[in-house]
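Work through the exercises below with the sequence and the model in view. Each task is followed by its solution.

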Amino acid sequence: MTTQRSLPRTIIGIVLTAIMLFPVYWMVNVSLTRRDSIRRGDLVPIDFTLEHYRTALSHELPYIGTSVLIGLGTVALTLLVAAPSAYALAKLRVPAARTLSFALIVAQMVPAVVMALGFYSLYNRLGLLDTVPGLILADSTLAVPFAVMLYTAFMRGIPEAMLQAAQIDGASQWRTFRSIVLPLCRNSTITVALFAFLWAWSDFLFASTLNREGGDLRPITMGIYDFIGAQNQEWGPMTATAVLASIPTALLLVLAQKYVAAGVTTGAVKD
């Protein structure tokens, strides 16, 4: 009886999943179809070819390398700023801690386009336009508020007795944070690192505003534009590049999914 009731839900779930994943399938389909046959719109790559991937790899590898560098830099900067900040908000007597927490929520509501315009004006004065450090700093502004709130939710659940025991044994606040709190925050750290990397990897707005003339230092989201012309679009290499750019993020999500599931629910339930 239960199986019969769940069958319609299963069917609906499969149909909705297929609809949502169809653009991904179509991207792969076009990337494996010869250029002359793309306009026919075959549902399967009848005229199979790997030429588009060879073209994408020969042109886009520098951009992929830049995106990896920006993503890792964003992760490092986000963790460096967010973890100590969250510890201060959760366990130290920081003045106006509630106000700071509310400010983090407000910061996430600011449209990215507004931030991009502000960064452009600032970077133009500082000489940070078309630089990798400039993009790392800009992308980190999206990840840090989320990271601080996630870390804070978990650290508030750490028993005070555990931290007090460490301090009685002579551990400083920094030693307590480094040797006790951070190891306990493994799931939260992996979740923060993953989301920070994904935001940096998929960023287009900051890249198109702050790194338009970066040459080979442009990220992959801008490198795709090499296949878009005023009169013609190279759909095969473009979709092949998109598939290649999707592989690292898909692998990261698969490998880290159990840590992410634990990390995003941290602090949601209180005793």
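**Exercise 1.** Describe how the axes of H2 and H8 cross.

Solution. Helix H2 spans residues 51-91 and helix H8 residues 186-202; helices are DSSP runs (H or I) of at least four residues, numbered from the N terminus. Their axes come within 8 Å and cross at roughly 140 degrees. Axes are lines fitted to C-alpha atoms over the stretch in contact, with angles from 0 to 180 degrees between N-to-C directions. Angles under 35 degrees count as roughly parallel, over 145 as roughly antiparallel, 65 to 115 as roughly perpendicular and the rest as oblique. H2 and H8 are therefore oblique to each other.

This is a predicted model, in which local features need pLDDT of at least 70 and side-chain atom pairs pLDDT 80 or more, while totals for chains, interfaces and linings use all residues. Residues are numbered from 1 along each chain as its sequence is written, and side-chain values use heavy atoms, without hydrogens and water.

**Exercise 2.** State which classes of residue make up the contact of H2 with H8.

Solution. Contact means heavy atoms within 4.5 Å. Residues of H2, including Ile64, Gly71 and Leu79, meet residues of H8, among them Thr189, Phe197 and Trp201. By class, the contact has 12 nonpolar, 5 polar and no charged residues.

**Exercise 3.** Classify the aromatic pair of Phe119 and Phe206.

Solution. Rings of Phe, Tyr and Trp (its six-membered ring) pair if their centres lie within 6.5 Å; planes under 30 degrees apart are stacked, over 60 edge-to-face, the rest tilted. The count is 11 aromatic pairs. For Phe119 and Phe206 the centres are 5.8 Å apart and the planes at 90 degrees, hence edge-to-face. Phe119 lies in helix H4 and Phe206 in helix H9, 87 residues apart.

Definitions and conventions
pLDDT is the predictor's confidence in each residue, from 0 to 100. Helices (H or I, at least four residues) and strands (E, at least two) are DSSP runs, numbered from the N terminus. Ala, Val, Leu, Ile, Met, Phe, Trp, Tyr, Cys and Pro count as nonpolar, Asp, Glu, Lys and Arg as charged, and the others, Gly among them, as polar.
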